[in-house]
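I opened the notebook to look up how one chain is built and how it meets its partner.

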Amino acid sequence: MPEVFAAIALRTILVSGAATALAVLVGVPVGYVIARRSFRGRTMLLGLINTGMGMPPVVVGLVVWLLLVRSGPFGDLELIYTQRAMVLAQFLIATPIVIGFTTASFQALSPRLPDLLIVLGAGRIRRLWLLAREAKLGLLVAIMAAFGAIVSEVGASMIVGGNLERSTRVLTTAIVTETSRGEVERALALGLVLLVMSFVVNLSLTIVQQRSRT
Amino acid sequence: MDIEFEGVQVERGGRRVLDIPSLRLRGTRTTAILGPNGSGKTTLLRLLAGLERARAGHVSYGGASHPSVAYVFQEEVFLRQSVRENLELGLRLRGVNNGEMRRRVEDAAARLGIPHLLDRRADRLSGGEGRRVNLARALCLKAPLVLLDEPLEGLDERTYSRLLDDLPQLLKAFDATTLLVTHNRHEALRVAQDLVVLIDGRIRVAGDKSAVMMNPGKADVAEVLGYSVLAANGHRVAVPPGALRPGPGRLEFSMIVDDLLDLVERRELVGRVGETRVHVAIPGTGETPQRGDRSLIHTERYYDLA
């Protein structure tokens, strides 16, 4: 039993970790651009992103399922019921969260700060890096919120992953399975594993966040 | 390095905020840019810093490409790091080696009297300390073009006058072409050799400071230069601050008294000549005009306006 739990926990970390990493890679630069630039439709876009921050995972799962299912437009890729499909669905859930928090944290910085960095001679990438360091508190909130949202969701993982015992079962879908089988103790144990795992990840991120806050 | 503007136009939101057909700023001198709020002073600095793009025209820098720039912003902007790291950042980005970097930072800190602040957090400084660090960051860059946007704004009187005393010496140390944006006549005259008056995005006068001050020309320019614009014998004159005296004299005005100010070490009448509000120092003793009285005042110094 412990080996099975460990495998499921590891899979959970890998899938949600990869989805969070991808969401940060895409969401931070996008959030930066939205915070810095003014363009037509910016408020509308932010409205959509803020809506996306609260999107029901099960709806995202359904849409991804429709796209990836064998008869769907991307059925040939044979991604349905794989971990990659789960990463994709979780990425779509996490990205608006990362963008939303990132935009807010960059907007909270002095608007003169990017100007200062330009005048001092920082290039585009260097600027993004220096500003991200300034917005560190908010960016780590973005990462924690995104990871928290997808590691705890069950609907999308169930629909696009299929809850296959040896390949796509994660902690949340395992809890559903065990509960429906009447294995309440196992379900509770899995729930505890999920909570402890979340705590360890968030504690590590919090330590990074609060470091050098002297 | 002279800076030359040719047909430069900057627009924002469809509105022309800067329109400079031609202007030359003389190298290794300090030019003060004076103008009312919203006249385009900061836009002019931002253009030279490369933060704003001209819609038309171009700026040349004595044949060189765009020079490196030291910009002191109106607001204090720092990274959440130590003062030293903030001063070093620009030097790192410009590839200055460690030894040289340390030397420059310590030299700039010494000149501005802030060596004791180097290890403090830059985003937790007082207003006066922040202003000094702002200037030190610009100084250690050793840039050939220095842009100062109201660098002494918002300081208490004591810190202000101390920094103002130091500023001309500092600018000499910069040995750069310097632009100082201000709306303070006194500051401009103390620090700059040349003056430019900018109103509604247009250069109204530019040149050596005494030439500009002695020939303000139009009433709106005279006001920007800190003169009181008064009507006398059917034409208008520019009267320097503090030049009005009670009683008869070379050029006389009739003032309606609004108030008498008791400033302890001196007394001042506040009143109106036509529409213009004026202040006149009066002797500590003797007859005191009352509110609503008409009082004769005069000036010995004035410039005729067009």
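The entries below go from the chain by itself to the interface.

I worked on a predicted model, in which local features need pLDDT of at least 70 and side-chain atom pairs count only at pLDDT 80 or more, while totals for chains, interfaces and linings use all residues. Residues are numbered from 1 along each chain as its sequence is written, and side-chain values use heavy atoms, without hydrogens and water.

Entry one, chain B. I found 8 helices and 17 strands in chain B (DSSP runs, H or I of at least four residues for helices, E of at least two for strands). The C-alpha trace of chain B spans about 70 × 45 × 35 Å along its principal axes.

Entry two, the interface. I looked up the contacts (heavy atoms within 4.5 Å) and found 20 residues of chain B touching 18 residues of chain A. The area buried between the two chains, which is the accessible area (1.4 Å probe) lost on putting them together, summed over both, is about 1,800 Å², with 59% from carbon and sulfur atoms.

Entry three, charged pairs. Between chain B and chain A I noted 3 salt bridges (a Lys or Arg side-chain nitrogen within 4 Å of an Asp or Glu carboxyl oxygen). A:Asp115 forms a salt bridge with B:Arg46, the closest N and O atoms being 2.8 Å apart. On the side of chain B that touches chain A, helix 1 (41–49), strand 5 (69–72) and helix 2 (83–93) each supply at least two residues, and helix 2 gives the most, with 3 residues.

Key
Chains lettered and ligands numbered in written order.
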